[in-house]
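Subject: Structure handover

Hi,

Here is the structure I promised to send over. Please load it first, then read the notes below.

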Amino acid sequence: MLRNSKIGLASRTVRYFYMLMHYILIMDLCVVALESPMPGMREIGVLAACLLISYFMRDRLTRIIGIIIVHIALCVGIFYIIPDNISKWALIVIIMVDCISAGKYMLTGYRLPTVFDIPWPSFLLFIGVVAYGIYDDKPELVKLCFIMAVFIYLIYILMVYLQNLENYIYMMKNVSAMPIDKIVPMNTIVVCCIFFIMVVVIVLANLLGFNDALRAFGRVLLAGVRIIFRIFIILYKIIANLFKPSPGGAGYQRDMMIIQEEVKGTNIFETIFMFTVKLIIIALAVYLVVKLFMKIYSTILEKRARFGSDTFSRLTKPDMKNTKKEKIVKEKDESRFSMEQRARRIYKKRVESVRKKYVPRKFETTSDIAEAFTKAQEEIKDVEGNIEELTTLYEAVRYGNVKPDAAYLKKMQRS
């Protein structure tokens, strides 16, 4: 990967904050669970500094013993900097856990773990912290968990974007000279739109008191379920009394009283109305944000199309008169007897000549195939030809604008 590139550096910076958020939440959970006050800014600052040193050193050391010594030194520093309390020992344990993570990172060839899957461990951690906070009546821990969850998942989205972008550039750099500097800003606009939508939703939800409205709406739904349940019980008692009359009647008076209490204690229509209004306001804000970013996106596309960009062009209505003619030409160009397809078959046949030692895998570039072909060719020894020259000729047809003729195909066969 592009370890020393700007995108690689950004990926590691984002992952640093991603792990820092997790460690802060875990530290708070451990300290509060041991009946101690939540750690302050001093403990958080020390944790951030230690984690930064760990991330800096693990990319520069070549032996695991070195990273172990660094983390032991950090633990010694924590022992003398932080006063004697639960936070000190929680920090020391977290730093040693980070030491194991750093060692694993070095053993796997200095590669960041993939982040394409949904972070289920983080989700389970959030549920566990919230459950404990509610059970032990720790509202400050629950509030911290919600804040951390929002930031962690925002950072996670950014992390996935950067890693996909890094992988994309890595795969495309040997295939063709695509204008990545023009593609990256467009993708970044989409990611910024997602970030902005989440921020708008969070801010509006707090300003409008959406949490309280959602909680009240949940109580209304629960009351509605209870009322429906009681109505079914009353109907059952009425029907049962028709087949087997009892001296006291159907006996559903108690159920009617329960329904009256449920309705009396809940302002159903006002609650539903307020919840709906607030939900519509938030949805309208999200719609306006999306329309704004779509306008920005289309404006940039039109601007680049106006200046003759080879990547972006305006979308125009196709000319239906020439559709049939264009279809015939396309089918002719893609037929198995066309010059382009014959050139591809020549390249494919040459690559398959060493199938005993090498078979191309999915997503391999022509450069990868050429390198592996050369090694296989040296092992077999009875396969002749210059794969580098053939690769250059093939790439000119496959990725360029070269239209091969008979002489061009003979040159490919001689390569």
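Start at E35, which lies in the loop between α1 and α2. Helix labels follow DSSP runs, numbered from the N terminus (helices are H or I, at least four residues; strands are E, at least two). E35 is not a glycine, yet its phi is positive, at about 60°. E35 is also exposed, with a relative accessible area of 58%. Here exposed means over 50% relative accessible area, buried means under 20%, and partly exposed is in between (1.4 Å probe, protein chains only).

Some ground rules. This is a predicted model, in which local features need pLDDT of at least 70 and side-chain atom pairs count only at pLDDT 80 or more, while totals for chains, interfaces and linings use all residues. Residues are numbered from 1 along each chain as its sequence is written, and side-chain values use heavy atoms, with hydrogens and water left out.

**Backbone**

Where else does a residue other than glycine have a positive phi? D137 does, with a phi near 55°. D137 sits in the loop between α5 and α6. D137 is exposed as well, at 62% relative accessible area. For context, most residues other than glycine have a negative phi.

**Cores**

How many residues are in the largest nonpolar core? There are 53. A nonpolar core here is a set of buried Ala, Val, Leu, Ile, Met, Phe, Trp, Tyr and Cys residues joined through side-chain atoms within 4.5 Å. The residues with the most contacts inside this core are L20, L25, M27, L47, I78, L91 and I95. The largest share, 14 residues, comes from α6.

Beyond its neighbours within four places in sequence, L20 is in contact (heavy atoms within 4.5 Å) with L47, A48 and L51.

There is also a second, separate core of 17 residues. Its members include V351, Y394, V397 and Y408.

**Helix packing**

Two packed helices are described by the angle between their axes and the distance between the axes. Look at α14 (residues 387–398) and α15 (residues 406–414). Their axes come within 8 Å and cross at roughly 145°. Axes are lines fitted to C-alpha atoms, for helices over the stretch in contact, and angles run from 0 to 180 degrees between N-to-C directions. The crossing of α14 and α15 is left-handed. That term applies if the near helix is turned anticlockwise from the far one by less than a right angle.

Which residues meet there? From α14 come E389, L390, L393, Y394, A396 and V397. From α15 come Y408, K411 and M412. The contact divides into seven nonpolar residues, no polar and two charged. In this scheme Ala, Val, Leu, Ile, Met, Phe, Trp, Tyr, Cys and Pro are nonpolar, Asp, Glu, Lys and Arg are charged, and the others, Gly among them, are polar.

**Salt bridges**

The count is three. The rule is a side-chain nitrogen of Lys or Arg within 4 Å of a carboxyl oxygen of Asp or Glu.

- D59 and R12 pair at 3.7 Å, N to O. D59 is in the loop between α2 and α3, and R12 is in helix α1, 47 residues apart. R12 counts as buried, at 14% relative accessibility.
- D98 and R58 pair with their closest N and O atoms 3.1 Å apart. D98 is in helix α4 and R58 in helix α2, 40 residues apart. Both D98 and R58 are buried.
- E340 and K403 pair with their closest N and O atoms 3.8 Å apart. E340 is in helix α12 (residues 339–352) and K403 in the loop between α14 and α15, 63 residues apart. K403 is exposed, with 63% relative accessible area.

F293 belongs to helix α10 (residues 268–306). F293 is buried, at 15% relative accessible area. F293 and C193 are 100 residues apart in sequence, but 6.4 Å apart in space, C-alpha to C-alpha. Leaving out residues up to four places away in sequence, F293 touches I189, C192, C193 and F196.

S87 is in helix α4. S87 is buried, with a relative accessible area of 5%. With residues up to four places away in sequence not counted, S87 touches V31, P39 and E43.

Best wishes
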